[in-house]
Amino acid sequence: MSKKLLSVVLALCLAVSCFALGASAIGGYAYEAEEDVANYAQTWALDEPVDNGDGTYSVNVRLTANYKVGPIQFKLVKNVTAGSLSIKSVTANKSVIPANWLAQVSFSNVSNKIAIIPMPTDEVDGIDLTAGKIIATIVFNASADVAATVAINTADAKTETNPAGTLIAARMSDGNVVTGTAICGQTINATNTITFGSAAQAPELVAIDGTLGVVDTSRTMLDELDIDGDGDMQEIDGYLLGYDPDMNMSLEELFEIEGDGEMEIIVTEEALANGLEASTGTMVNVLDLEGNVVATYVAIIFGDVNCDGIADGYDSGYIDEHDAWMLGDWGRLFSYQEFAGDVDVSGFCDGYDSGYIGEHDAWMLGDLGRIDVAGIIATLGF
Ligand SMILES: [Ca+2]
Ligand SMILES: [Ca+2]
C-alpha cells in the first residue's frame with residue numbers, strides 16, 4: 001500500500017470512528033434538545049427499484065430536511081424471501097452534495113449501513129434539503145429469482161438516549177460542516193418499503209399437460225358430508241378426475257401446483273390399509289407459503305365407491321345396497337361416491353354400474369376389459 005493511499009485510508013477510518021464516537025473531526029457534535037426535536041424534521045424515502053437489465057437494480061434515496069444537513073448515515077432493512085440481493089455500489093448525488101464536501105461514501109453488506117461523510121479541508125456549507133432531493137443512488141446486485149423488500153430503518157435514530165443509533169442526518173448548528181456542530185435526534189418521518197421481484201403468486205392446482213388429469217370445478221359440494229363440523233355440508237373447489245389405478249401410482253402424476261404453495265394429500269384410511277396413495281374421497285388441499293388452505297378438492301376414482309382405491313366386488317356390493325336404499329346410516333352413497341360409481345355415465349349409480357364393476361374386476365369389461373377412465377372423462381365432456 002502506498003503511503004498516500006495509507007494516509008487516505010487512515011484519515012477516513014479516523015473520521016468515521018470519531019464521528020461514531022461523537023467527537024467529530026468536522027467540528028462539534030451534540031444531540032437535539034428534547035423540546036427542539038419536533039422543530040427539526042427529516043423525511044426519508046426510497047424510489048421504486050429500476051431494473052438495469054444486467055442483473056442490477058438502481059434505487060434513489062430521497063431526503064427532505066428543514067435544516068442544513070451534515071453527515072448522513074442510514075441502515076437498510078432487507079427482507080429477502082427468495083434469491084439474493086446485495087449492495088453493489090452507492091454513489092452520492094454530485095448535483096446535490098457539493099464537490100468541496102469531498103464526501104466519502106461507504107457501505108457494508110454485513111450491517112447494510114450506508115454513510116455519506118463530508119471530509120472537507122475548508123469551510124463548506126451543509127446541504128440544503130428543504131425542498132427534498134435525491135442524495136444518493138444505491139445499485140443492488142440481484143438474482144433473477146429475487147423476491148425482497150427494502151426499507152430505511154427509521155426506528156433506530158441516533159439520539160442522546162440511543163447513541164448507537166444507525167440513522168443520522170445531522171443538523172449543522174451554524175450551517176457549516178467544518179465550523180458547526182453536528183446535531184442528531186431530529187423528528188423522523190415514516191419512510192416507504194420498496195419491493196424487488198414479483199410478490200408471491202397465489203398457488204393453484206392444475207392438471208399436468210399430457211395426462212388424463214381434469215380439475216372439475218362444476219361440482220363444489222359434498223352433499224350429506226360435514227367434514228369440518230361447521231354444521232354445513234362440506235364445500236369443495238371441485239373434483240379431481242383422471243386417476244386410473246391401472247396406470248397411476250399417485251395423484252402427483254396428474255396434478256401439480258402453479259404459483260407459490262404446495263399440495264397436501266390426505267389419503268383415506270381404507271386406501272392406506274391397501275398401501276395405496278389415492279382413492280375416491282382422497283382430499284387434496286392447496287396450501288400457500290404460510291400453510292393456509294386456499295382450496296380443497298376431492299379425488300374421484302371411477303368404480304371405487306367404498307374409498308379403498310380399488311374397483312372390485314366390494315364396490316358392486318355397495319352399489320347394490322345403495323340401489324336398494326340399504327347402505328349405512330343414510331341407506332345411500334354420498335354424492336361423490338355415487339359420482340365415482342356411475343361408470344356408464346348414465347347419471348345414476350345403479351345395478352348396471354354394479355354389473356360393470358364386476359366385469360372390470362374380472363377383466364371382462366368393454367374393449368379394455370377395464371373401466372375406461374379416458375372414455376368416461378370424454379363422455380362427461382372434458
Ligand atoms: Ca373400492
Ligand atoms: Ca350408471
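**Exercise 1.** Find which residues A299 is in contact with, leaving aside its neighbours within four places in sequence.

*Solution.* Start with the cut-off: two residues are in contact if their C-beta atoms, placed from the backbone, lie within 7 Å. On that test, A299 picks up L240, Y243, L251, A278, T280, T282 and V284.

A word on the ground rules: this is a predicted model, where local features need pLDDT of at least 70, side-chain atom pairs count only at pLDDT 80 or more, and totals for chains, interfaces and linings use all residues. Residues are numbered from 1 along each chain as its sequence is written, while chains are lettered from A and ligands numbered from 1 in the order in which they are written.

**Exercise 2.** Work out whether C307 and L102 are buried or partly exposed.

*Solution.* Count other C-beta atoms (placed from the backbone) within 10 Å of the residue's own: 20 or more is buried, 12 or fewer is exposed, and in between is partly exposed. C307 has 22 such neighbours, so call it buried. L102 has 14, so it's partly exposed.

Now look at the backbone. Most residues other than glycine have a negative phi. Yet phi is positive at both sites, near 70° for C307 and near 50° for L102.

**Exercise 3.** Decide how the buried residues of α5 (residues 351–361) are arranged around the helix.

*Solution.* First list them: D353, S354, Y356, I357 and H360. Helices here are DSSP runs (H or I, at least four residues), numbered from the N terminus. Next, take the directions from the helix axis to the C-beta atoms. The buried residues fall within an arc of 165°, so they line one face of α5.

Technical notes:
Helix = DSSP H or I, 4+ residues; strand = E, 2+ residues; numbered from the N terminus.
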